[in-house]
Amino acid sequence: MGWLIRSGGVAVILSVFGIFYFVGKEVLPLFRSADVAPVGKFDALAVPAVLGVDEWGEMPFFYDGGDKVVFLSVADAARREIEVPGLAGLKITAHAFDPVHLRVSLGLEDGRVGSFLVGYERKFSGDGKSIIEPAVTAEPWFSLKHGEGAVTAVSYGDSGAGRVIAARRGEGAVATVSVLRLGMKRGLVGKGKLSLLEEVEVTKELGAEPLLLRASQNGAMVLVALADGGVAYFLADSQGVSKRQTFRPFDGVSPRQMDFLFGGVAVVLTAMDGRQEQWSLFRAGRDGERMFGESKVFPQLGEGRVIFAASQRNRTFLTGSGRDLSIRHSTSGAVRWEGALDIDPVTAVLDAKGGHFIAAAADGTARRYSIHDPHPEAGWRAFFGKVWYEGGSEPVYQWQSTGGSDDFEPKLSLIPLIFGSLKGTACALIFSIPVALLAAVFSAAFLPLEIKRVVKPVMEIMSSLPSVVLGFLAGLWLAPLLETRVPSVMMMTLVVPLAALATGYVWCRLPNSFRNRFAQGSEWIIVIPFLALAGWIGWSLGPVIESLLFVHKDAATGNEIADFRLWWPQAAGISFEQRNSLVLGFMMGFAVIPVIFTIAEDALSNVPESLTAAAAALGANRWQVVRTVLLPVASSGIFSALMIGFGRAVGETMIMVMATGNTPITEWNLFNGMRTLSANIAVELPEAPVGSTHYRTLFLGAVVLFAMTFFMNTAAELLRQRLRDRNKLV
Amino acid sequence: MNAGPTRETTPFATTGRSRRGEPCIWLTAAGLTLGVAMALGLFLLILIKGGASFWPGRIDLMEVSIDGKTELIAGYVTQESERRDGKGILHEEIQIFRGNKDINGEAFKYIDRAHILKSTRPDSLLLVERIEFGPAIVHGVALENSQGRIEVSSPEFKPALKTMLKQGAVARDRLLGIERKRIGAISRELEALSRAEKSGSVDTRTAASRREMLQKKFERLQAQAAEIRAEIAKSSFLGRAADGREVTVAGAALLGVFESNRAGFAGRIGEMTHRIWKFLKDDPREANTEGGVFPAIFGTVIMTLVMSLFVTPFGVITAIYLREYARQGWFVRIVRVCVNNLAGVPSIVFGVFGLAFFVYFVGAKIDQTLFSDKLPTPTYGTPGIFWASLTLALLTLPVVIVATEEALSAVPRGVREAALACGASKWQAIQRVVLPASLPGILTGVILAMARGAGEVAPLMLVGVVKLAPSLPIDDIAPFIHPERKFMHLGFHIYDLGFQSPDAEAAKPIVYATALLLIVLVVTLNLTAILIRNRLKKRFAVSSF
């Protein structure tokens, strides 16, 4: 039987520690960098000017600017050529590739611009295998009215409804740039016809020779990189085409590469000297226009040709110069992978699922690599650092794990949640610690034993109150009740302790003959009517104070309204919410006070009687005994009680979910809410897809929470054991 | 009172009546008062609010002038409040529950007291409980059944109403039996059939003939149900709302009629008992805002029992190991610190672990080996009551370990040594002497663990609790026990109704009642534990030497 107990005991202990192993195992993948492995090599065309691939990374196509598109099956090296439609023997003088729509845009020698789309269709045969069928579809051509000569650069932006083409004609100083706005004319039946809305020549507004053109994927922006190092930003919307800004990313050094990232509001630029930066659109002031500004600096690339391919599902991009390539993530600015290829690539492409990339060299050899990077947006910087998100005007700590659209940028900073947890805990402790410690001191030092036998279980039962009940009361009963009564609450917290002190002051000046009628230790009963009176006075003083101090002047009507809810945002510049920290702190008291009380009371009660008796024998009065002997001796026990109280408050979930409003903001404001780590897990984990970054980040939140409480509890436990040993010695 | 050490009776009795520091002592006294007042106040609040949600009030019929028009509104006053408008003028507002959601849209209305012209309580107003749209508040008009129309003034009205209520209940029962049980059985059989066919254990022809038979059976049952419906559809209750609009409640939907204003005190007590009973035994209706909480009670109890079934043996074995078998050194000391710490780990962390380990790891493995024919629909690889129980067992393990260890160490050394001296082996001494002596202590620990488990909600939200479970985890469908099913829980019911409900105002009474129920459950468990502990203390106080 002994071995059964032994093995059972050890097994339970091991499995308990297995918990932490298991939770940790879920978190670890977040901190791994990407794995890249070569999975194939093949020969392509001699000069693969455009390289594209299907979403499965299985059938890349190569286009050299000629009249044929070459498809190559990775599986069996089968080669297939499809003719580019609609060329009519004319020479192609410019081309560009948009990996989102698999669109190759073209410019012809006669000044026409147009494009063709590459499509793939996956067909499943009966035996479970599938084949990929490529296709090439022609799109309409448009003749440029402005400028002369062949088209030398082209870029096509397409958001479905609105489209824009940017094209350059001629070379060098005589080059002209035109922006074409296209629109779908919707007929009653059918898909509608693509037609030219307007062509605007923007050469005069450039001020320098145009080098690179990029139209954004949302079809509303055109960027033109200039020889003097500037980049001109044109907005093409229903009002027409207008220049908004010229920015200089590299102080005079002109960009060598310029491409939009997924989402179309940030652009990555690389200078001639290898510096790489991200510029994104944001509003600098409160209501200014959205302009490009520098938001990130990436590690410098080498000199030479720049490879760039943006992912179409998140904010990673493949970049590099020479043989050295790296995969970078724009949000955190992290380098996910770095490595050297065995070919000298001239172009590279990422597939739509982000599972592969293909790089091709000038001599026609190509390599296919698999990428395993399930959590590119994770990392220490993303979780704990300030991050400059797209659209923001500065780096911030922000938690916003899910968004409405596909191109949403997850914001995974845990700092607001940790802040929320600490703020909630602080609010709870500010109220709980005084009450619990005062009660513990009185109970340990003065309360008659027979009453203590009742009071302690009452407090213990209070500690086992389901927190969901407390949370519900906080959110639906207390919050609406206190919403209009903030000044009253303030007055009560001021008046009630004063009343207790005053009662004591007056009481000890009453004649002893009167005082002796009441047993010592019954002060907590005697004080009840005075406290009640003080509470009532404080409560009714609230409106008076409100009408004196907290008067809000309505800007529109000029009326003066005495209402704290209106006054606070005006005076402090921060919001007032119904479910605020005040309510939370009070309700958390019900959960935290009994915990602190019980442990502190035990510590105080266990102070050896010889010490207190000695103090009393030396003539100390009862308060002096408490102050000079009881409190110092039990101090480490009290401290451990506080730490356990902290642990309880920081991990509390249901009250936090129900009473805080759950907005992840970092603001030291007593009158708004917060979002805590625990509440965040409870609210978001049921909806997070298993194994996703979001899911694992929530696990990381649990680990942080666990670490916080475990550290506090261990420290408390050690303190308590030390105290026990010390008291034994005494 | 037995005379203990002096300190226990009156501390510092000899210190005299000094004035110095007295205010501080009064401050500490106020701290204790506040703490105790908070605890008692909370219990009292829940008791009053929860109790009030069952108490039948009086229906007021009010003449209200709104924008110059006079309107008649009947309902219960549910809340009174003050509001200051934009000009700073104070308004006294009342919130009344006027029911009749089917004709009014909103069941609650706010009225400015100043707008009320006249308020009466006519006896003819009735509270009509029904299956849909929440209660109706109407003047009774008549009943219609197969024999014809019976006016409210007729002496046959009451007996006829009683018969109608009974008939309605019988019909609902029969319909439930047909639709949920028998038609459910057919659909389960069809499902099993198609799985068997897919796996090849039944050939297509037998399957087809069987399917045809089941289809016929299904049609027969449907016809039966339609017959019952047609029968009950002949009767209905007619009422007139305060504003004169007609309200008809079909016989099948009528649950009860209460004469709020005519009932005396005894009648109201009777109604309250009836409501409490209904609350405990009925299924929820109307997105949980009406009806009872029986499935939630059932789920909470079953989950807590299964949890204690797991936590007791494991906790006790671990404690015995730590206290009796392991060598008392630094390792055991560390383990003990960790176990104590575990009690302080946030419950949500256990929920996170339960989800990752039990549900997505163990559950998925079980599905792959035992229920692979049902995949990709998960059987155990999804949150359920079994995983919830296991998660909570882990959560409450430290409570049992600590309590058991304390109980074991409280057994006097002499008793143990006496057993060993009589020739008992170590295990025999533990089994025959130490364990029986520490049983009350262990029991206290288990009960405390149950109290903690019953009140915990946060981890359950991750591992198996749902707002509305279609079926109980134990029922009369083979194999009778369904540990993989999701379940309802009193605590989650409070959260869900209070914060996720489409009609939070209407749900409030049920939330308060549920909170009361949960608190009664937890406090009862705690009190039991405390009582056992106190008796235990006395026993050891006698036996210690």
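Helices (H or I, at least four residues) and strands (E, at least two) are DSSP runs, numbered from the N terminus. Select chain A and colour it that way: you'll find 16 helices and 33 strands. The radius of gyration of chain A, taken over C-alpha atoms, is 36 Å, well over the 27 Å that the globule rule gives for 730 residues, so chain A is more spread out than a compact globule. (That rule is 2.2 Å times the number of residues to the power 0.38.)

Some housekeeping before we go on. This is a predicted model, where local features need pLDDT of at least 70 and side-chain atom pairs count only at pLDDT 80 or more, while totals for chains, interfaces and linings use all residues. Residues are numbered from 1 along each chain as its sequence is written, with chains lettered from A and ligands numbered from 1 in the order in which they are written.

**Stop 1: strand β20**

Now select residues 266–271 of chain A, which make up strand β20. Is this strand buried or exposed? Six of its six residues are buried, so β20(A) is largely enclosed by the rest of the structure. Here "buried" means that 20 or more other C-beta atoms, placed from the backbone, lie within 10 Å of a residue's own; 12 or fewer makes a residue exposed, and anything in between is partly exposed.

In a regular strand the side chains alternate between the two faces of the sheet. Show side chains here: A:Ala266, A:Val268 and A:Thr270 sit on one side, with A:Val267, A:Leu269 and A:Ala271 on the other, and all are buried.

**Stop 2: the neighbours**

(Two strands pair if DSSP finds at least two bridges between them.) Look for A:Asp259, opposite A:Val268. Five residues lie between the strands of this hairpin, and A:Gly263 has a positive phi near 105 degrees.

Which residue of β21(A) is the bridge partner of A:Ala266? That's A:Ser280. This hairpin has four residues between its strands, and A:Gly274 in the turn has a positive phi of about 95 degrees.

**Stop 3: chain B**

Finally, show chain B: 85 of its residues are in contact (C-beta atoms, placed from the backbone, within 7 Å) with 94 residues of chain A. Helix α2 of chain B, residues 22–52, gives the largest share of chain B's side, 19 residues.

Key
Two residues are in contact if their C-beta atoms, placed from the backbone, lie within 7 Å.
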